[in-house]
Amino acid sequence: MAATFPTQLIDGFDRRISYLRLSVTDRCDFRCQYCMAESMTFLPRGQVLTIEELLRTARLFTELGVKKIRVTGGEPLIRRGVEELFAGLGKLPGLDTLALTTNGSHLAEQAAGLRDAGVRSVNISLDSLNPTRFEAITRIGKLNTVLEGIDAAIASGFERIRLNAVILDGLNRDEVVALTHFALSKKIHIAFIEEMPLGQVNLGGKQLEYVSSDTIKSELATYFELQPLVSRDSSGPSRDYLIAGSQTQLGFISPHSHNFCAECNRLRVSAEGRLLMCLGNEESIDLRDLLRSGRSDDEIKSTIIESLAIKPERHVFDRPDEPQIVRFMNATGG
Ligand code: SAM
Ligand code: SF4
């Protein structure tokens, strides 16, 4: 008799898991200060999930009630076979929202195809509007390419486009107002993210500090009227406001200052196929091994369901001198 499975994943703290973040590569064409070391050793290709394995993983999770998948990385749009991946994901029955997080460097060529494949929501990272500073933060990136990518995304008609900016004191804190005006001028959303202590971050030997969301919000509130948004979509831990008189939403993602773990609805699959229970903890299972050892769909689904017992209640990022997380963000899929 065929096994029956729940149509909704629920963890040990009664949280419904409806959202999967799928990292499709650990590689990137940028080297953002807060995300990667300048010289990185990337995973050998054989250790990264293949397109077929990624599609099987996504299908199994949607069969277990996942309604939203965000493709991330590394930089997803430099992954070989990414068109095939999106085409397959876009056809998954049961998936309500296919989303992408990208640095925007390849959006100008790919935006229209992604929209046609069924991507509904795109987050584009943009930490500075100053080309020199942008290049310093990303160590390689060209601002202009990303701005062209943002325009291509807008022209392609995605349902939702949001800029993501990680704000660090001494790096780009003075740009929060300009970045918000930019989002307003483009009629898209913007979120400010507190830096998470995932690796060593310094610029020219200077240790950089995260800036709390409350500090940024107070500053922005002197320029814009912010109306709290009560109903939130499943995009996760962002606390959102509407900028009065516009359609632009302003979000704050605050892993330090506002613990959002009680509402956690997500799991992550790293580029090498580890199913990570929490961005801020090490608990995981080796999905790649299950995928490559001839296990049936039912066996893998059973293991996923059992693994939820080790999803921790919360992350702890409040010991800044002692970063608990040694993984770089590009490997876990930020
Ligand atoms: N390469 C794509 C990009 O930059 O959007 C997708 C992957 S990137 C790891 C996803 C998001 O994580 C980006 O918005 C990036 O700014 C953010 N990020 C990277 N390292 C971070 C850190 N240490 N703390 C907070 N956010 C971080
Ligand atoms: Fe690459 Fe994104 Fe990390 Fe920047 S934040 S290095 S673009 S993966």
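Axes are lines fitted to C-alpha atoms, for helices over the stretch in contact, and angles run from 0 to 180 degrees between N-to-C directions. The structure treated here is a predicted model.

**Exercise 1.** Determine how helix α3 and helix α5 are oriented towards each other, and which residues meet.

*Solution.* 
Step 1. Helix α3 covers residues 107-117 and helix α5 covers residues 143-156; their axes lie 8 Å apart at an angle of about 20°.
Step 2. Angles under 35 degrees count as roughly parallel. Helices α3 and α5 are therefore roughly parallel to each other.
Step 3. The crossing of α3 past α5 is right-handed.
Step 4. From α3, Leu 107, Ala 108, Ala 111, Ala 112 and Arg 115 meet Glu 148, Gly 149, Ala 152, Ala 153 and Ser 156 of α5. Sorted by class, this contact of α3 with α5 comprises six nonpolar, two polar and two charged residues.

**Exercise 2.** Carry out the analysis for helix α1 and helix α9.

*Solution.* 
Step 1. The axes of α1 (residues 51-63) and α9 (residues 297-307) come within 10 Å and cross at roughly 65°.
Step 2. Angles from 65 to 115 degrees count as roughly perpendicular. Helices α1 and α9 are therefore roughly perpendicular to each other.
Step 3. Helix α1 passes α9 in a right-handed crossing.
Step 4. Arg 56, Arg 59, Leu 60, Phe 61 and Glu 63 of α1 meet Asp 297, Ile 300, Lys 301 and Ile 304 of α9. The contact of α1 with α9 contains four nonpolar and five charged residues, but no polar ones.

**Exercise 3.** Locate the two partners of the salt bridge between Asp 174 and Arg 133 in the chain.

*Solution.* 
Step 1. The side chains of Asp 174 and Arg 133 form a salt bridge, with 2.7 Å from N to O.
Step 2. Asp 174 belongs to the loop between β7 (160-169) and α6, whereas Arg 133 belongs to helix α4 (residues 131-138). The two residues are 41 residues apart, and the pair links distant parts of the chain.
Step 3. In the whole structure, a search finds 11 salt bridges.

**Exercise 4.** Which residues surround ligand 2, and how do they divide by class?

*Solution.* 
Step 1. The shell around ligand 2 consists of Cys 28, Phe 30, Arg 31, Cys 32, Cys 35, Met 36, Gly 74 and Asn 103.
Step 2. By class, the shell of ligand 2 has five nonpolar residues, two polar residues and one charged residue.

Terms used: Residues numbered from 1 in each chain as written. Chains lettered and ligands numbered in written order. Predicted model: local features only at pLDDT ≥ 70, side-chain atom pairs only at ≥ 80, totals over all residues. Heavy atoms only, no water. Near = heavy atom within 4 Å. Nonpolar A, V, L, I, M, F, W, Y, C, P; charged D, E, K, R; others polar. Salt bridge = Lys/Arg side-chain N within 4 Å of Asp/Glu carboxyl O. Helix = DSSP H or I, 4+ residues; strand = E, 2+ residues; numbered from the N terminus. Parallel < 35°, antiparallel > 145°, perpendicular 65-115°, else oblique. Left-handed = near helix turned anticlockwise from the far one by under 90°. Contact = heavy atoms within 4.5 Å.
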